[in-house]
Amino acid sequence: MNRKSLLNQLELAYAPLTAYEFAIFKDDKLIDRALEKASLYLIGQRPVITFENVVPDTSVYQLNFEIHQKGNSNILKCQLPFDQEVFGLIKDNVVDVAFNFLDKSDKQDKPPFQNIHGFSLVRHTNAGKEFIIWFSPEKLLQNWWKGSIDCEIDGDWKSFINYKVHYVGKATKQGILQRLTGHSTFQDILSLEAPITEKQLPANEIVILPFEFQDNLQIQSFGDGADTNEMVASLLGENYPEQEKVFLDAEKALIKAMKPSYNKELFNNYPVSKDGLYHDNYDAISYTFIDPIFLTYEEGEIRSGLTHIGGDAIIILDNKEFKLVKHE
């Protein structure tokens, strides 16, 4: 008997962006390029996260700081060395650190610096100053757990990446940044959701989480009398579904699982659909997130990145059974 399964792993295409950061970077070509493969996004909310007690240490060429979150008793103590390959520094380069303060009216002239939502590293060259990289707390954490940067981080960092999900959306016809510019539901969330922490702007709590597929693994087994052409096509990867179709299916699966309050269509009949994977007749389909984040919703949570293959999984069996399988 022939059987086929599709295992889908979703990962963050870029670090979570607050609505405030989105307003600043929505025309940024570098971020747009980083999101090229991302066609699925969540809009969530978490308490404000900031850099605190930031002190540049010129004696060892690094930045010392803490990461705090409103209402979270955990504090992360961090050390970011400047002299690492990813920053592309050469001998005798001078590095400046530019801070973005959460409250622009708060003028701070000397360390330790407080209440920072982001900072940039800038190197001095013969041609002048040159931008290296920008970090928000979440971008720094995401770059760190992916192994893109070296950074010492001490503390319960997973307690900082828990997101309440308000909306699941897709952007298969245009980029996510373009899709969300003027997006009515995005504006509704910003207007209607109360801040988690008193005296905070929702724009600093509402976040966009853009996802791409790290992998779509199709597994097929063939019984006696199987069609040879179909077997060859499977070996060559020619019978994989189009990526857009998988994104459309993933959107429906996530919405049905979490029932976000701002999604008007909850796809209660899924896996039945016209534009998803229903007509591909898989015996099993699964969706899991590989980043170590937690997605909370009205009836529970999805825990992600618990192993190298992902975390809790949304499973569809025989085009009928739909369930969320919790990782033990």
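Just after helix 3, G147 takes a positive phi of about 80°; helices here are DSSP runs of H or I with at least four residues, numbered from the N terminus. This is a predicted model, in which local features need pLDDT of at least 70, side-chain atom pairs count only at pLDDT 80 or more, and totals for chains, interfaces and linings use all residues. Residues are numbered from 1 along each chain as its sequence is written, and side-chain values use heavy atoms, with hydrogens and water left out.

**Helix 3**
- The buried residues are P137, E138, K139, L140, L141, Q142, N143 and W145.

**Largest cavity**
- On a 1 Å grid over the protein atoms alone, a cavity is a set of points where a 1.4 Å probe fits but cannot get out.
- Grid points are joined across faces, edges and corners, and a volume is the space filled by probe spheres set on the points.
- The count is one cavity of 30 Å³ or more, and the volume of the largest is about 80 Å³.
- Its lining (residues with an atom within 4 Å of a point) consists of T18, Y20, E21, R46, V48, I49, L102, H117, P137, E138 and N204.
- Helix 1 (19-25) and helix 3 (137-145) each contribute at least two lining residues.

**T185**
- T185 belongs to helix 5 (residues 184-192) and is buried, at 11% relative accessible area.
- Beyond its neighbours within four places in sequence, T185 has contacts (heavy atoms within 4.5 Å) with Y167 and Y262.

Notes: On a 1 Å grid over the protein atoms alone, a cavity is a set of points where a 1.4 Å probe fits but cannot get out, and a pocket is an open set with protein on both sides within 12 Å along at least five of seven lines; lining residues have an atom within 4 Å of a point. Buried means under 20% relative accessible area, exposed over 50%, partly exposed in between (1.4 Å probe, protein chains only).
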